[in-house]
Amino acid sequence: MLLMLIEQQIIQGKEDSIDLAEISDTMSSYDKYNDGTITQKQFQEVCLKHRLPFQGSVLEKMLMRCDTGDSKLSWIAFIDFLSKVQSIKTSQEQMNGSSRPGTWPSLGIRKTYEQDEHNQPLAQSFRKAQEQVDAPWQKKKPLGPVRKSSVEEYVTRDDTPSPAIESSSDGAEDVYQRKQLTYLAKKHQALRDQSQEMMDAVVDNEVEPWFSRFMHLAQGLYNSDSTNTGYLPKEEMLRLVNNYNLIYNLKIPAERIYRVINSCVGVRGQIMIEPVLESLRLSIY
């Protein structure tokens with residue numbers, strides 16, 4: 001299907017024969033990594049430079065079929081497509097008689113010979129030669145099954161429109177548009193699923209019970225008591241409680257923390273850990 005569309009645009013463009021070797025050399029010069037791919041911008045530059053008559057949906061379809069999946073295009077697949085189009089165009093020109101060798105007399109010349117009474121011997125010789133051998137384009141051979149190359153099968157693996165749609169250009173355009181919309185829908189769904197997973201992870205962190213978060217504070221205070229006396233200096237106690245309250249979102253008012261710590265002063269002005277934790281726990285419930 002795609003080959004036929006490209007062939008029609010080339011024929012309608014009425015351009016000279018496409019120089020595949022020159023186009024291949026240009027694309028190869030853009031392929032700096034020698035991996036058979038170029039960017040979409042480079043592809044469009046080549047089309048403009050060599051005046052390739054691709055436009056509209058055909059150009060978009062070509063870009064989609066040659067897309068390697070990493071924002072690059074396979075220029076090798078593109079050259080393979082052009083070579084097939086050239087073969088089809090050449091075959092049609094030969095069948096239609098639009099590009100015949102100059103050594104074969106045209107129909108106008110033959111009529112001239114037949115109508116000119118002064119050239120009767122030459123006309124008879126021409127008719128005799130014409131009966132003995134036909135021009136190459138007049139020899140028709142039965143067409144065999146057309147086999148796709150491995151490159152064409154890879155590029156056109158998803159190009160499977162129904163017979164009813166394939167019979168009209170409008171139907172082909174409809175298939176292309178629906179494929180584009182389906183691709184965008186799937187891409188959007190993947191992003192939406194990814195965002196939902198991230199939101200679920202955040203919610204899982206937020207739904208940890210308050211007391212479980214409060215236990216981090218308790219563990220932190222006891223870990224800071226390196227002498228195992230059950231006491232901590234007032235400044236260190238204030239710093240630790242405020243930090244854990246902020247990090248684990250315990251939502252204990254700062255005034256409440258200050259009052260509780262001042263009410264739990266023990267020996268030599270140090271603060272008792274156990275009464276502080278008990279008072280802070282009861283202030284929430």
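Helices here are DSSP runs of H or I with at least four residues, strands are E runs of at least two, and both are numbered from the N terminus. α11 covers residues 210-224 and α12 covers residues 234-247, and they pack at about 150° with axes 10 Å apart. Those axes are lines fitted to C-alpha atoms, for helices over the stretch in contact, and the angles run from 0 to 180 degrees between N-to-C directions. That makes α11 roughly antiparallel to α12; the cut-offs are under 35 degrees for roughly parallel, over 145 for roughly antiparallel, 65 to 115 for roughly perpendicular, and oblique for the rest.

Quick note on the model. It's a predicted one, so local features need pLDDT of at least 70 and side-chain atom pairs count only at pLDDT 80 or more, while totals for chains, interfaces and linings use all residues. Residues are numbered from 1 along each chain as its sequence is written, and side-chain values use heavy atoms, with hydrogens and water left out.

Okay, who touches whom? On the α11 side we have H216, L217, G220, L221 and S224, and they meet E236, M237, L240, V241 and Y244 in α12. Contact means heavy atoms within 4.5 Å. By class that's six nonpolar, three polar and one charged. For the classes, Ala, Val, Leu, Ile, Met, Phe, Trp, Tyr, Cys and Pro are nonpolar, Asp, Glu, Lys and Arg are charged, and the others, Gly among them, are polar.

α11 has another partner, α14, residues 273-282, at about 165° with the axes 11 Å apart. So α11 is roughly antiparallel to α14, and α11 passes α14 in a right-handed crossing. W210, F211, F214, L217, A218, L221 and Y222 of α11 make this contact with I273, E274, L277, L280 and R281 of α14.

Now over to α2, residues 20-30, and α3, residues 40-49: their axes come within 10 Å and cross at roughly 150°. That makes α2 roughly antiparallel to α3, and this crossing is right-handed. I23, T26, M27 and Y30 in α2 meet Q42, F43, E45, V46 and K49 in α3, giving five nonpolar, two polar and two charged residues.

What about burial? In α2, I23, S24, T26 and M27 are buried, where buried is under 20% relative accessible area, exposed is over 50% and partly exposed is in between, with a 1.4 Å probe and protein chains only. They cover an arc of only 160° around the axis, which puts them on the same side of α2; the arc is that of the directions from the helix axis to the C-beta atoms. The face turned away from that buried side carries the exposed D25 and S29.

In α3 the buried residues are F43, V46 and C47. Down the axis of α3 they fall within an arc of 100°, so they line one face of the helix. On the other side, K41, L48 and K49 are exposed. After α3 comes R51, with a positive phi near 55°.

Last, the whole chain: 14 helices and four strands, with 28% of the 285 residues buried. Of the contacts between residues at least 6 apart in sequence, 66% join residues at least 24 apart.

Terms used
A crossing is left-handed if the near helix is turned anticlockwise from the far one by less than a right angle, and right-handed if clockwise.
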